[in-house]
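Subject: A structure for you to look through

Hi,

Here is the structure I promised to pass on.

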Amino acid sequence: MTEPSSERHERLSDPTLPFAAKLKLAVSFELEYWEDRQHPPNISVNVFRSIVQLVPDSIAPKWRERKSVAGAHGHSGEEQIFNFDFSVSAFSKDVRFYCKGYFFEKGNLKGVTIQSFRPMPSAAVIPIRGER
Amino acid sequence: MNECEHERRHPLSEQIKRVGGREFRYLAKSCESCGAVLWNEKAEVDFREWMRTNREKFMLQFSVPQGVSMGIQEILHRYPGTSDSHFVRAVLSVFTNHIFASPEISQNVTAVRESIVYKDLVADDSREKMKVRINPNLLEVVETWAALVSMSVPKFVEECLTQIVALFGTRGSSSVWRDELDKQLDLVMKAA
């Protein structure tokens, strides 16, 4: 997306914008993503872009103060970090995801840094014929 | 569980991203504590270019029961000028972007496994091999979903196709979720 910086900030800082919509919009503007973490592993950035579209509109994240200043926006990003989890249903399996990150830049919003995005331990599965 | 915030960084080093058995090499920073790699706009631009130049090389191979293969050909009559490759990609896209997004639609679609049509389809031992071209973006999404539901990629693809063919075969009274599913499949197929 090639919107001017001021327009991005205006849209991302709209107080009426629900969190899920803000997150999806920020991902479409500029995304900084930590992937390939091994313990526990983050899902790849490409798959994150797809699965983040499944975050329910009603999601309400938890917020806390950010410790890390790593990454291109570590010093200039918002001081509050969000985290939330949500689940989707795939072939009768409840797949739960955890997401943690922060928006940047403080006072001139234009994107989001995702520090964690990974599946969480899951619930019951109904087996499918021939399933591995 | 480790909640690393990636405070300790390594300088730029070569990283490898694997998609569909192929390797994309790029430079990125990584976290000294947990090994995470920082994906940024530069990596994104380079990766898109890599995908563009390699998109012809990614293939999906799987097999489906004969009845599913025949069902696909029947459904394709609705979309003149499209191929089974278009249909496979459309179905995978609809599952990963729409069906899994809605618990109601997902449960209703999966419930087709209890239908006689579905059971007849999977009881057929004769199988048809299929090989379709797929873009690396969708392939990586499919690989991840297959792992998340503990299936091999070919089995995941087969399951998606079998459920859709069974749904078309059990078409009954209209419902909101089924109309929505039809609409999504129509959209993706007509964009092909």
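Predicted model: local features only at pLDDT ≥ 70, side-chain atom pairs only at ≥ 80, totals over all residues.

The predictor gives the complex an ipTM of 0.78 and a pTM of 0.83. For chain B, the mean pLDDT is 86, and 93% of the residues reach at least 70. Among the elements of that chain, strand 4 (residues 59-65) of chain B has the highest mean pLDDT, at 94, while helix 8 (residues 176-191) of chain B has the lowest, at 77.

**Chain B as a whole**

Chain B has 8 helices and 5 strands. Read from the N terminus, their order is β-β-β-α-β-α-α-α-α-β-α-α-α. If you draw a box around the C-alpha atoms of chain B along the principal axes, you get roughly 60 × 35 × 30 Å. Of the 192 residues in chain B, 38% are buried. And if you take the contacts in chain B with a separation of 6 or more, 71% of them join residues 24 or more positions apart.

**Helix 3 of chain B, and what it packs on**

Go to helix 3 (residues 84-99) of chain B next. How many of the 16 residues of helix 3 of chain B are buried? The count is 12, so this helix is largely enclosed by the rest of the structure. Among the buried residues of helix 3 of chain B are B:Phe87, B:Val91, B:Phe95 and B:Ile99, but also B:Arg89 and B:His98.

Helix 3 of chain B packs against helix 6 of chain B, with the axes 11 Å apart and an angle of about 55°. Because of that angle, helix 3 of chain B counts as oblique to helix 6 of chain B. The crossing between helix 3 of chain B and helix 6 of chain B is left-handed. On the helix 3 side of chain B, the contact uses B:Arg89, B:Leu92, B:Ser93 and B:Thr96; on the helix 6 side of chain B, it uses B:Leu138, B:Val141, B:Val142 and B:Trp145. Sorted by class, the residues in this contact of helix 3 of chain B with helix 6 of chain B are 5 nonpolar, 2 polar and 1 charged.

**Helix 6 of chain B has another partner**

Helix 6 of chain B also packs against helix 7 (residues 153-169) of chain B, at an angle of about 95° and with the axes 9 Å apart. So helix 6 of chain B is roughly perpendicular to helix 7 of chain B. Here helix 6 of chain B brings B:Val142, B:Glu143, B:Trp145 and B:Ala146, and helix 7 of chain B brings B:Val153, B:Phe156 and B:Val157. The contact of helix 6 of chain B with helix 7 of chain B has 6 nonpolar residues, no polar ones and 1 charged.

While you're on helix 6 (residues 136-148) of chain B, find B:Thr144. Is B:Thr144 buried or exposed? B:Thr144 has 20 other C-beta atoms within 10 Å, so it is buried. Leaving out residues up to four places away in sequence, B:Thr144 touches A:Ile43, A:Ser44 and A:Val47. From B:Thr144 to B:Met130 is 14 residues in sequence and 21 Å in space, C-alpha to C-alpha.

**A few spots in chain A**

A:Leu12 lies in helix 1 (residues 5-12) of chain A. With 21 C-beta neighbours inside 10 Å, A:Leu12 counts as buried. Which residues does A:Leu12 touch, not counting those up to four places away in sequence? They are A:Lys22, A:Leu25, A:Ala26, A:Phe103 and A:Leu109. A:Leu12 and A:Asn108 are 96 residues apart along the chain, with 9.1 Å between their C-alpha atoms.

Now some backbone details. A:Phe91 sits in the loop between strand 3 (80-90) and strand 4 of chain A, and A:Ser92 is found in the loop between strand 3 and strand 4 of chain A. Neither is a glycine, yet phi is positive: near 50° for A:Phe91 and about 70° for A:Ser92. A:Phe91 is buried, with 26 C-beta neighbours inside 10 Å, whereas A:Ser92 has 17 other C-beta atoms within 10 Å and is partly exposed.

Finally, look at the peptide bond joining A:Phe104 and A:Glu105: it is cis, with omega about -10°. A:Glu105 is in the loop between strand 4 (93-104) and strand 5 (111-119) of chain A.

Terms used: Residues numbered from 1 in each chain as written. Chains lettered and ligands numbered in written order. pLDDT = per-residue confidence, 0-100. Helix = DSSP H or I, 4+ residues; strand = E, 2+ residues; numbered from the N terminus. Contact = placed C-beta atoms within 7 Å. Axes fitted to C-alpha atoms, helices over the stretch in contact; angles between N-to-C directions. Parallel < 35°, antiparallel > 145°, perpendicular 65-115°, else oblique. Left-handed = near helix turned anticlockwise from the far one by under 90°. Nonpolar A, V, L, I, M, F, W, Y, C, P; charged D, E, K, R; others polar.
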